[in-house]
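Trainee: I am new to this structure and would like a close look at one part of it. Please take me through the salt bridges.

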2 protein chains.
Amino acid sequence: MIDILGDWKKSHFCGDLRAADIGKEVCLMGWVQRRRDHGGLIFIDLRDRQGIAQLALDPDRDPEAHAKAEKVRSEYVVAVRGIVSARPEGTVNPKMATGEVEVEVKELRVLNSSETPPFMIEDHADVAENIRLKHRYIDLRRPGLQSNLMLRHKVAQIVRTYLNDNGFIEIETPVLTKSTPEGARDYLVPSRVNPGMFYALPQSPQLFKQLLMVSGFDRYYQIVKCFRDEDLRADRQPEFTQIDCELSFVDRQDIMTIMEGMIARVFRDTLGIELPLPMPRITYTEAMARFGVDNPDMRFGLELVEISNIVKDCGFKVFAEAVKKGGIVKLLNARECASFSRKELDDLTEFVKIYGAKGLAYVKVQEDGSWQSPITKFFTDKEIALIDEAADAKPGDLLLFAADTCKVANESLGRLRGLLGQKLGLARKDDFRFVWVTDFPLLEWDGETRRHVAVHHPFTAPLDEDVALLDGDPGSARAKAYDLVLNGSEIGGGSIRIHNREIQNKMFSLMGITAEEAEEKFGFLLNALSYGAPPHGGIAFGLDRLMMILTGSESIRDVIAFPKTQKATCLLSEAPGAVDDKQLRELSIRRAARTN
Amino acid sequence: MIDILGDWKKSHFCGDLRAADIGKEVCLMGWVQRRRDHGGLIFIDLRDRQGIAQLALDPDRDPEAHAKAEKVRSEYVVAVRGIVSARPEGTVNPKMATGEVEVEVKELRVLNSSETPPFMIEDHADVAENIRLKHRYIDLRRPGLQSNLMLRHKVAQIVRTYLNDNGFIEIETPVLTKSTPEGARDYLVPSRVNPGMFYALPQSPQLFKQLLMVSGFDRYYQIVKCFRDEDLRADRQPEFTQIDCELSFVDRQDIMTIMEGMIARVFRDTLGIELPLPMPRITYTEAMARFGVDNPDMRFGLELVEISNIVKDCGFKVFAEAVKKGGIVKLLNARECASFSRKELDDLTEFVKIYGAKGLAYVKVQEDGSWQSPITKFFTDKEIALIDEAADAKPGDLLLFAADTCKVANESLGRLRGLLGQKLGLARKDDFRFVWVTDFPLLEWDGETRRHVAVHHPFTAPLDEDVALLDGDPGSARAKAYDLVLNGSEIGGGSIRIHNREIQNKMFSLMGITAEEAEEKFGFLLNALSYGAPPHGGIAFGLDRLMMILTGSESIRDVIAFPKTQKATCLLSEAPGAVDDKQLRELSIRRAARTN
């Protein structure tokens, strides 16, 4: 066989050369990052996925190679043969991994030329994102994106190895599946063979993985694409990747222990960080009480304190009436923030309004311990003393109050806590604080449709001790659900599933789903529960989110090779695109007349 | 936390117990395969994914457990605690892996009951496939399907480990991508955000993996779902899984060497078979000459021999005229088959007619070496001697002849060869003979559309020595393409890609694709080739097909957890299904009026 490379075989990656390689004959192939002419010599920075090597071409020593090198430009693809040598004294570059060596080039071949790229291959080049996405194959040459995707590869292998070692079996579930109107909006795929019928792309392999447990596979996993046709936020993509797991014959404790072990392995083998195990666990109720949210950032304190009992009869009407109407009053002690300006306080007030708060009362604790605040006058000395005690107030502190419904007070103060953690520099990016949040409510009441909806999903089991509540007080029943929260972000969540058909029927009925509807939508699951379903549960982690955290990326698009825009388009391939009428006819569908 | 299993923790898999475990306290959880009452004792065969353990319950020793055991039925989910003990003499079952031991049960809990399953959990139960697919979660309990999917898991891990060790990086490519009208029919996904536009599910990640090479990732792989909306044959599924690879800075030899190493690793670590390496390689031309097909079964001889030159002027018009019209005459020597009956010969004749042959001439070589055949009289002694020599004819042989166009003669005789290999028992199922077929034609002429079409795909590079042919005689140009063939089935195929924009433009133009069309459909690839594309190539293996071979399965549905029928439906979830009009309105599509 005659082939273009002939007997040229790449011997090393450019970025892997070190002083230990001095004297070796090497063959490198890569891209020209830069060419410099310097006193007759030519220096080329040759780049590949591992890094950059400096090539040196001497016109006296190797005139032919030197002549060819004169013609190369940025991003030309070049192969060279030469000898690794120590850089001359004074030219060592300690900032480069290969900075001690260079390659004395004996032979050079241009494997491909390149037009001038639309932007420089540099991590901090100031280029509009749409230009970078359109030329993604060039943007992906940036060292930052290269290392993000290589780390993603590494994480996938660490996860698989850990799960394999723990008895999990990787099993593929279908991509062409059935639409389930619960949950988010489905992507649909018209069926040609079954006209008028549609497949749906899976929002998760939930039902299939439960069926695999019913089949006896004991432990399942899959690193799998899932799909949601939702309006996209900054950190969402139409297709996203889950580390999806399901286990039989286990309780919540088992699952949390195995899974935190996996996360710890990932952090150890990527960032070199040993996470303390077991990870802390708090209930949903405790999370709401202390942090106002169910995904608390544990890197700092600033915990919320409820003072409803202290202020329920106080002279400040806003507080007293909130409690009387069934709401609550909570405070957050922003330590040493009494010096906040009027403007800063106004900004915080505007911030909590986003979450429905009508205002934000504050107290500055002065050097002598007394309050400076517009609301001081409404409180008795005893009330002030009790509030100070509840807040552990010290001179220089800033107390911030929310008085509203439970939901608004918690959310506004909880979000304010997050904002302050950032603002005060308490949320360090390299500090990783995990917490399991457990015992979520099972159901919540939807005032609009006047029925209960599942907080997690309809297959989540109630706590054993709360099963009896399903008959009288279903809204109070708690779920065997757990979320893993890292620095204020949920990175994974799951639950023990219902394995008992009667309880599953009851859940559907509480959710206003008739027996017929349940049979139509989930009949195969209900049947499966009748034929020997084991106790089982599972969890799913968002791999994209996890990779953002591990790489310190601001954008989800920096951890995905070919991401879509917030309009769900691929600027590179121009998907979605137009299709022939013939294709639509074969699928028995037509475009609807434009109505918008 | 109070949980259903409490302090019961599964200690072993049922199927893993051995004599070495005798005396251990164990906790098993699994499914009741069978319950037998025998002289007051109860024996339960408890099954999990690893196999079956025998439980023994003695009413005198543990009356409570025994009483509970009386109520269990087939497929109940049961947890037991007990002691592993040696089976009494005479009751050891050498056919079972756990046949030396049983578990003396101290405690028993029923974790779930089961209705009587619709069929027995046995590998050879005689149940219609549609019943099994509808209750797939029960069917998947069969040991055969369990071990198929566990082996599939193992193969995926072997492949990944091998590729990781060889510098490949696993990178995910999009599932929501753009329709490319070349190739098979796409599955389409209407876009809600971009009304009237459609995504397509990928038939392969071809363009994305080439772009990853342009980006400098050097070596890529993915075990990835691909989609083709084709009418299904027995061994096809709408979604199928590929082991997809692409490499930069390599030639064909490098790719074949790396990939045959991967296949050898899989065979060694699953079946314990050491495949001889390197695997044999033959050109397409040689494969067609010797075997009549491009996917030859190398387990046996029965090679084809062309005798056009010998018979071009012979007295047998059928032969002479075939040659005169530009066709060929070939023979196949079916060794020691002269005893075939009239009926057997008629069946072979009917068989070759499927492939367009008008008939099948035959010669039985008698004990004295002379011919017994209706066509003997048309040949001179010299012609007979030359044909005998070409066929290496011996007494007892059966010579079978095809005289037709090159295509029909090769295909009919090539397929007949395959049939005879089966019929004569030459194709042993446990004999694995690999061969690389190389140097395929680059283009073939499509008489209907009157243009060239790519034999592999339009990105396949021509042989370096054939590039010049593109201008004058493109139909004669050969491709840098290679298929890996095992026992007559293509299990993988790939090629070196075009990395030069001018050659890619020329390919499109030879295929009758205008510059504008090319720009519209493949603009991003053409652009990518302009910005420093390295020499690169790749390959994809069909994982489903490979698993069929490794497990000896007759049906592709036996190596996929949740397969679809030949009507592309999932009998379990009833996908595809009806959807709400509201969903279609949101997607700006309507059902077309029925026209069929």
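Mentor: The model is a predicted one. Over all chains, the structure holds 110 salt bridges. Side chains of opposite charge can pair when their charged atoms come close.

Take A:E129, which forms a salt bridge with A:R557; their closest N and O atoms are 2.7 Å apart. A:E129 lies in helix α2 (residues 129–134) of chain A, while A:R557 lies in the loop between α16 (543–551) and α17 (581–586) of chain A, so the pair ties together parts that are 428 residues apart in sequence. A:R557 is buried, because its relative accessible area of 11% is under 20%. A:E129, with a relative accessible area of 28%, is partly exposed.

A:E344 also forms a salt bridge, with A:K423, and here the closest N and O atoms are 3.0 Å apart. This pair links distant parts of the chain: A:E344 is in helix α10 (residues 342–353) and A:K423 in helix α12 (residues 406–423) of chain A, 79 residues apart. A:E344 is partly exposed at 25% relative accessibility, and A:K423 is partly exposed at 42%.

In chain B, a salt bridge joins B:D62 and B:R61, with the closest N and O atoms 2.9 Å apart. B:D62 counts as buried at 12% relative accessibility, whereas B:R61 counts as partly exposed at 32%. Elsewhere, salt bridges that share partners join A:D3, B:R252, B:D439, B:D464 and B:K480 into one network.

Conventions:
Residues are numbered from 1 along each chain as its sequence is written. Chains are lettered from A and ligands numbered from 1 in the order in which they are written. This is a predicted model: local features need pLDDT of at least 70, side-chain atom pairs count only at pLDDT 80 or more; totals for chains, interfaces and linings use all residues. Side-chain values use heavy atoms; hydrogens and water are left out. A salt bridge is a side-chain nitrogen of Lys or Arg within 4 Å of a carboxyl oxygen of Asp or Glu. Helices (H or I, at least four residues) and strands (E, at least two) are DSSP runs, numbered from the N terminus. Buried means under 20% relative accessible area, exposed over 50%, partly exposed in between (1.4 Å probe, protein chains only).
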